Amino acid sequence: VAKILVIDDDAMVRFSLKSVLEHAGHEVVEAENGVDGLSKITGQSFDVVVTDIIMPEKEGVGTIIEMKTRFPSLPVIAISGGGPDGYTGYLETARALGADGILEKPVTPEIRLDTVEACLP
Amino acid sequence: VLKVVTPINIARRHAGTIQIEFTTEVVDAKIFDAVKISITSYALLMILFAAVMYWVLRVIVVRPVAALNTGVKKVAAGDLEHRVEADQDDELGELALAFNQMAEELRKSERKLVETNKSLEAKVVERTTELLAEIQEHARVEKDLKRHQRMESLAGLAGGIAHNLNNLLQPIILLSAVGIEKLPKGSKLKEDLEVIREAGNRASELVNRLTEFSRENPVEMKRENLNEIVRESLQMIRASFPSSIEIKDDIDGFEAEITADATQLQTVILNLASNAADALTDMPGVLDVSVDRIDVTEIDREETPELRPGEYAKLRVSDNGKGMDEKTMRRIFDPFFTTKDVGKGTGLGDGLWHRHQTRRCHSGRERARARFDFRSLAACCEGAGGRQTNSNSYGKRITWPRSW
């Protein structure tokens, strides 16, 4: 059982990720954006973080950089369905800047679990 | 009366006087006659002299001057070939000679003028033709550019739509999966959720196509042997095609060295073949693949303005299916157009979408490739649909890629 932080501005996405992860036996905490996520990560200990890229307040790439600076050993997985402008290179950027895994939306339960659980200790 | 009186002296003595008297009447008459004759003769002589002078003047002066006058009028009227006689050895002769020289110079000048005019007209025609060609070329480039811009904005739009759809699909795909795992086997709700999951997966495939379209696929342009690419494609086609379809090829008649991205080209061939296979599912069909050489002339350009005159390699993938109708034909370059249901293999739009991608990536390189003998590839697609029926409905040849 792992404790996972899910950061996504879309409540339906958060809910579905939470649902599938909890079904796999994990504990899930939700955050609406990068600021929210970073504040939650400061007070609690997590095994893995799953973060969206395009978000208001604080987007995912900046969030990953800050998380990796503050918690270098914490695995971070970036998820994205592409940018609203059609740009699809965010995930590669996230990987280059420290993300341990990347997933394209919509993620399937199998890949989702494989990627997240591969990051667990 | 004339009177002569003379004394007569004999022995110095005056002997008398002789007086002779003459009447002058006769003499006067004779003198009058003589004078009359003289005057008449003189008058006649003068008349004769005047006549001779008139004739002489007419011949020497009047006639040449009249000829000059006529000559001047004719030259003034444009008859520059006109010349006057100039055989007199005097001032008028010299004048005639000068006139003739002037006329000759005028004639030469006019001829030169006419030639210059003709040359100018020819240059104007030549330059006009060049300008028209340049205008047409410009219009073509502008059209390509606009199309490119449209596709770019469409790509951006597609990416934006994909982003939103991916978020919406996420709960459908994940929650249906969770529900399916939670529910017992045989549950009606589980079956319903399986349908939802399948629908979500199909929608996801569609979104993937949208996303792929918005991505710039890297293209590697190299000198390639078209025959070799087609040969390799045919191996794959033969391995995957049902035995009910006969595969004919005619690719060894002409070695085509082209500049292309082999992978993209192979994808196009495979997609066209795949479309053909789908068109021939319910019948014993024939797939025909050929590589030929074609010469595009200026005249052909009216039909295929996108191709510059020159030698081209023509790749043709055709089948004996039912063919395409006009409506389908018009839309085959639309990136998302397909005649097939989602989930039923590669659609027509998908195959031709690759054509579009390839074409898009290859555009603008035509000039750089002009140095090659076979700088272009024109794939003559007489149908991802067939050629033996409805030939009129798709009689217009489609060449691809447009700007190779």
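I read chain A from the N terminus, and its elements run β-α-β-α-β-α-β-α-β-α. That gives chain A 5 helices and 5 strands. I took helices (H or I, at least four residues) and strands (E, at least two) as DSSP runs, numbered from the N terminus.

The model is predicted: local features need pLDDT of at least 70, side-chain atom pairs count only at pLDDT 80 or more, and totals for chains, interfaces and linings use all residues. Residues are numbered from 1 along each chain as its sequence is written.

Then I looked for charge. A:Glu110, A:Asp114, A:Glu117 and B:Glu181 gather in a negative patch on the surface. Patch residues have over 30% relative accessible area and no salt bridge, with like charges joined within 9 Å and nonpolar side chains (Val, Leu, Ile, Met, Phe, Trp, Tyr) within 5 Å. A salt bridge puts a side-chain nitrogen of Lys or Arg within 4 Å of a carboxyl oxygen of Asp or Glu. Helix α5 of chain A (residues 109–118) gives the largest share of the negative patch, 3 residues. A:Glu110 sits in that helix and is partly exposed at 46% relative accessible area.

Last, I found a nonpolar surface patch on chain B, with B:Phe49, B:Met53 and B:Leu57 among its residues. Together the patch residues have about 560 Å² of accessible area (Shrake-Rupley method, 1.4 Å probe; for residues, only the protein chains shown count as cover). B:Met53 lies in helix α1 (residues 25–76) of chain B. B:Met53 is partly exposed, at 34% relative accessibility.

Technical notes
Chains lettered and ligands numbered in written order. Heavy atoms only, no water. Lys, Arg positive; Asp, Glu negative; His and termini not counted. Charge placed at Lys NZ, Arg CZ, Asp CG, Glu CD. Buried < 20%, exposed > 50% of the residue type's maximum accessible area, 1.4 Å probe, protein only.
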